[in-house]
Amino acid sequence: MNAARLAGRLAFALLLLAIILFALFPFYHALVTSFRSGSELFIPGLFPAALDPRNYALVFTQQNFGRTVLNSVLVAVAVVGFSMLLAVAAAYALGRVRFRGRGALMLTILGVSMFPQVAVLSGMFELIRALGLYDTLPGLMLANLVLTLPFTVWVLTTFMRELPKELEEAAYVDGAPPLTVVRRVFLPLLWPAMVPTALLAFIVSWNEFLFAFTFTLSAETRTVPVAIALLSGGSRQELPWGLVMAASVIVTLPIVALVLTFQRKIVSGLTAGAVKG
Amino acid sequence: MAGVSLRRVRKSFDGQTVIRDIDLDIADGEFCVFVGPSGCGKSTLLRLVAGLETVSGGAVLIGGEDVTAAPPRARGIAMVFQSYALYPHMTVRENIAFGLETRRARKAEIAARVEAVAKRLELEGLLERLPKQLSGGQRQRVAIGRAIVREPRVFLFDEPLSNLDASLRVQMRIEIARLHQSLRTTMIYVTHDQVEAMTLADKIVVLNAGRVEQAGAPTELYRHPRNLFVAGFIGSRRMNFLPVRAEGMRDGAVEVLLPGGGRLAVPVAGEGARAGEALTLGIRPEHLRLAGGAPDLAGPVEVVEELGDEQLAYLRLPDGGLVTARLESGTAPREGETGALELPPAECHLFRADGSAFGRP
Amino acid sequence: MTRHDDALGLARIRIRAAWMFLAPTLIVLAAVAGWPLLRTIWFSFTDAELGNLSGYRFIGFANYLERYEGEWLGLLADPAWWGAVRRTIWFALVSVSLEAVLGMIVALALNARFPLRGLVRAAILIPWAIPTIVSARMWAWMLNDQFGVINHALLALGLIDAPVAWLADPDLALWAVVIVDVWKTTPFVALLILAALQMLPGDCYEAARVDGIHPVRVFFRVTLPLIRPALVVALIFRALDALRVFDLVYVLTSGSAGTMSMSVYARQQLVDFQDVGYGSAASTLLFLVIALLTLSVVVLGRLRLDGEAGR
């Protein structure tokens with residue numbers, strides 16, 4: 001190996017290192033901070049002096065964080081479940097059946113996924129109030145459908161399109177009505193696509209802030225992002241950074257674990273949603 | 001069981017007509033093969049019978065009943081697809097049972113019928129496997145099993161053997177023929193392979209550009225092709241076509257001038273043939289013989305293909321055309337030598353300039 | 001579906017089923033997206049207030065523009081609004097450009113073969129998966145003027161002499177937002193580019209190598225043109241996303257004037273000032289901007305929307 005190639009390899013290794021550092025350092029830093037309390041916080045240092053779990057205990061005792069996490073999970077699970085149910089049916093129609101107006105419908109659904117959230121904010125506020133759902137979890141579930149439903153329909157439609165035509169025809173020849181075709185033939189085949197789609201929808205709902213911030217008021221209905229945004233300490237001036245970081249780590253770890261587990265599938269879901277569209 | 005009739009069936013996709021006014025009757029219990037080059041509309045025609053496509057015009061009758069507007073489930077048909085289209089997430093048993101379940105058959109009955117079909121197709125040991133754990137031939141048998149378990153009035157096959165390798169294809173061909181013998185159900189079979197068509201069919205329908213060129217028994221099509229297209233398509237070796245000129249008519253024969261100057265009286269009903277008219281003479285390679293006396297055709301042998309039991313000799317004619325002759329093994333001239341061939345007049349076909357054939361006795 | 005269906009052809013059965021399957025989705029979308037959007041647009045022509053959404057008057061275009069006692073009033077005459085518009089567009093342009101360049105570098109690096117590639121690819125997904133609120137908080141702490149690790153590092157390296165007020169200085173705060181956005185979304189862009197890179201045919205690279213063409217030239221003449229469609233789509237999605245930015249700005253800088261985006265402005269009017277009419281007017285304008293952009297992209301880019309069910 002000559003000198004130029006060695007230098008090239010070294011530069012490449014440094015580039016990779018920089019990428020990894022850039023990607024991971026903020027999370028690492030948050031992790032380190034979460035184990036510090038009091039004045040320790042203000043001493044710079046890249047490594048934790050001692051693993052002090054006080055912040056984690058505080059988050060759950062003082063902030064009722066368990067309830068908050070439960071709220072987020074309930075909202076996300078309901079929203080994902082409902083979205084997937086509707087989206088599979090819609091994806092069959094949009095992905096496999098030729099009918100007048102299909103292109104326009106696809107365009108509309110894509111358009112809805114481009115909606116700025118504030119554009120529906122006042123109308124949604126009115127709707128939620130009218131239904132008596134202000135400051136309730138069902139209200140949030142309803143609102144979050146705007147974000148997850150178009151996206152799940154869109155991604156599942158691209159996957160639905162890829163399934164072989166003969167399978168559907170064989171099922172029709174076998175005498176199956178459309179509902180059976182979707183339920184017994186396509187649904188099982190779509191599982192590999194549904195996992196990443198559901199996961200992405202879950203992340204969207206889990207991370208949602210604006211609706212949750214606007215349509216809930218009490219601590220009992222707060223979701224995780226709102227709770228973290230509203231975390232403040234005794235003084236107005238300085239935030240309890242250790243506490244904030246502990247909360248951040250708690251809500252991030254499950255998502256990170258999910259993402260790492262389904263890494264490959266998520267990438268396929270993302271590309272289906274964005275590139276093939 | 002039921003026959004199938006098509007009445008002036010037409011189909012167009014986005015303004016393009018792919019099936020043009022087809023009339024066809026397939027008798028109850030008949031094995032009918034649709035054959036033709038790719039894009040001739042044979043698969044579309046099958047899908048119209050299946051109800052997977054809806055006709056643009058005309059009517060489809062199954063067992064005398066008009067099913068033109070009915071979906072596949074209401075037509076009493078079963079279909080075997082080229083790609084088999086087995087449900088990949090279901091076991092062999094579930095694949096075969098699916099069509100019975102959708103018809104709300106009783107559990108015990110389903111189980112009994114699946115077992116019977118599995119036995120008949122020698123699938124008993126494979127019932128709990130998934131399609132991906134099967135070989136190509138086994139998948140094919142499952143696809144057939146899925147079709148026969150429902151005891152349909154009509155079986156439809158869409159190029160079912162084209163994904164198999166050559167030896168397996170012959171074996172499955174025989175199995176399908178046996179199946180038809182024992183079931184005696186109407187079958188419609190699409191293929192582009194004329195050997196499959198000849199060996200399986202009671203009736204062959206030759207399709208070209210959305211039209212029926214000719215329909216009839218295999219020997220009928222072989223002996224009496226109605227036009228140049230059918231003559232060229234049917235037969236394991238392509239018929240030779242020679243440009244000839246009509247010289248005159250004699251009692252029940254047309255005398256023609258062959259390339260190279262020879263004359264031949266072809267025994268056909270020559271109504272309407274005029275002296276001097278340009279015609280095409282057709283002769284199958286297997287009917288050409290080495291000339292004993294004065295040859296009808298002669299020219300240098302360009303290539304000889306040795307097939308073991310027979311030889312194929314390719315002769316270049318004086319007009320530049322190439323003629324193929326099937327000869328007994330060891331009898332062909334060597335490459336480069338001059339070959340001399342005799343045309344048995346009774347085996348010759350004669351076609352008008354528009355491609356239509358003169359009637360043969 | 002029953003006997004009744006047996007009188008219909010398969011095509012008609014499927015089309016009827018398609019509409020039945022679509023109906024729930026369309027109804028839900030109409031209820032949670034269509035109706036609220038229409039109400040927002042309607043509110044923008046009224047003087048509605050958050051506390052009393054039923055008692056409002058129709059006031060025409062007054063929320064947008066109105067001449068009152070010789071002075072132009074309304075959104076279109078509001079310098080704060082135009083500031084938000086300018087900042088949002090600047091933010092979208094700068095952050096998306098940076099993400100394109102960095103995403104391309106990361107994607108090219110990850111496209112090479114090296115040990116532990118899967119692990120690195122997983123690692124860069126982490127910033128993307130972290131909730132925006134959380135990443136805003138993490139970075140706010142890192143960018144803290146007194147105790148932040150970034151100021152510490154820069155001071156220690158001697159790059160600055162005094163702590164920098166990243167989030168309070170109006171000139172720097174928007175850059176801070178850009179940095180965090182780039183950190184969070186570069187992985188998304190990189191993975192999309194990577195997916196496109198991995199679909200490229202290998203033979204044209206071998207041909208280029210045989211011909212002895214310099215790698216940089218190969219990149220600009222072969223790679224870039226081939227992945228351009230995927231890149232353009234990814235960047236358009238990102239740009240539309242960036243134009244809507246809310247969470248990040250709101251939590252990182254508390255939506256102070258120096259960083260206020262269009263979404264933050266609209267929400268402030270709507271919720272903090274309870275002025276639903278005026279806030280809805282801002283929301284409507286933002287919606288129009290994004291809708292027009294999306295439409296022109298769809299028309300110009302001829303996105304394939306009506307593909308057939310493939311084999």
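How many helices and strands does the secondary structure of chain A come to? In this predicted model, the count for chain A is twelve helices and zero strands, whereas chain C has eleven helices and two strands. Chain C and chain A meet in a contact that takes 86 residues from chain C and 85 residues from chain A, and on the chain C side of that contact the largest share, 21 residues, comes from helix H1(C).

**Chain A: fold and domains**

- From the N terminus on, the elements of chain A run α-α-α-α-α-α-α-α-α-α-α-α, and the chain is more spread out than a compact globule, because its radius of gyration is 23 Å, well over the 19 Å that the globule rule gives for 277 residues.
- Taken along the principal axes, the C-alpha atoms of chain A fill a box of roughly 75 × 70 × 30 Å.
- The domain assignment divides chain A into domain 1, covering residues 2-33, and domain 2, covering residues 65-270, and the centres of these two domains, taken over C-alpha atoms, are separated by 34 Å.
- The contact between the two domains of chain A takes four residues from domain 1 and six residues from domain 2; on the domain 1 side, the residues that touch domain 2 divide into three nonpolar, one polar and no charged.

**Chain C: fold and domains**

- With a radius of gyration of 25 Å, well over the 19 Å that the globule rule gives for 311 residues, chain C is more spread out than a compact globule.
- The C-alpha trace of chain C spans about 85 × 75 × 35 Å along its principal axes.
- Chain C is divided into domain 1 (3-71) and domain 2 (84-309), and the C-alpha centres of these domains lie 31 Å apart.
- Where the two domains of chain C touch, 13 residues come from domain 1 and eleven residues from domain 2, and the side belonging to domain 1 is made up of six nonpolar, five polar and two charged residues.

**The contact between chain C and chain A**

- In the contact of 86 residues from chain C with 85 residues from chain A, the chain C side divides into 64 nonpolar, twelve polar and ten charged residues.
- Helix H6 of chain A (residues 137-162) packs with helix H1 of chain C (residues 10-43) at an angle of about 135°, with the axes 9 Å apart; this angle makes H6(A) oblique to H1(C), and the crossing of the two helices is left-handed.
- In this pairing, Leu142(A), Ala143(A), Leu145(A), Val146(A), Leu149(A) and Val153(A) of H6(A) meet Thr25(C), Val28(C), Leu29(C), Val32(C) and Ala33(C) of H1(C), a set that divides into ten nonpolar, one polar and no charged residues.
- Helix H5 of chain A (residues 117-130) also packs with H1(C), at an angle of about 105° and with the axes 7 Å apart, which makes H5(A) roughly perpendicular to H1(C).
- The residues of H5(A) in this contact are Ala119(A), Val120(A), Ser122(A), Gly123(A), Met124(A), Glu126(A) and Leu127(A), and those of H1(C) are Ala33(C), Trp35(C), Pro36(C), Leu37(C), Leu38(C), Arg39(C), Thr40(C) and Phe43(C); by class, the contact has ten nonpolar, three polar and two charged residues.

**Chain B: domains and contact with chain C**

- Chain B is divided into domain 1, residues 4-227, and domain 2, residues 240-351, and 40 Å separate the centres of these two domains, taken over C-alpha atoms.
- The contact of chain B with chain C takes nine residues from chain B and eight residues from chain C, and the side contributed by chain B has six nonpolar, two polar and one charged residues.

Notes:
Residues are numbered from 1 along each chain as its sequence is written. Chains are lettered from A and ligands numbered from 1 in the order in which they are written. This is a predicted model: local features need pLDDT of at least 70, side-chain atom pairs count only at pLDDT 80 or more; totals for chains, interfaces and linings use all residues. Axes are lines fitted to C-alpha atoms, for helices over the stretch in contact, and angles run from 0 to 180 degrees between N-to-C directions. Helices (H or I, at least four residues) and strands (E, at least two) are DSSP runs, numbered from the N terminus. Angles under 35 degrees count as roughly parallel, over 145 as roughly antiparallel, 65 to 115 as roughly perpendicular and the rest as oblique. A crossing is left-handed if the near helix is turned anticlockwise from the far one by less than a right angle, and right-handed if clockwise. Two residues are in contact if their C-beta atoms, placed from the backbone, lie within 7 Å. Ala, Val, Leu, Ile, Met, Phe, Trp, Tyr, Cys and Pro count as nonpolar, Asp, Glu, Lys and Arg as charged, and the others, Gly among them, as polar. Domain bounds come from an automatic or database domain assignment. The radius of gyration is taken over C-alpha atoms; the globule rule is 2.2 Å times the number of residues to the power 0.38.
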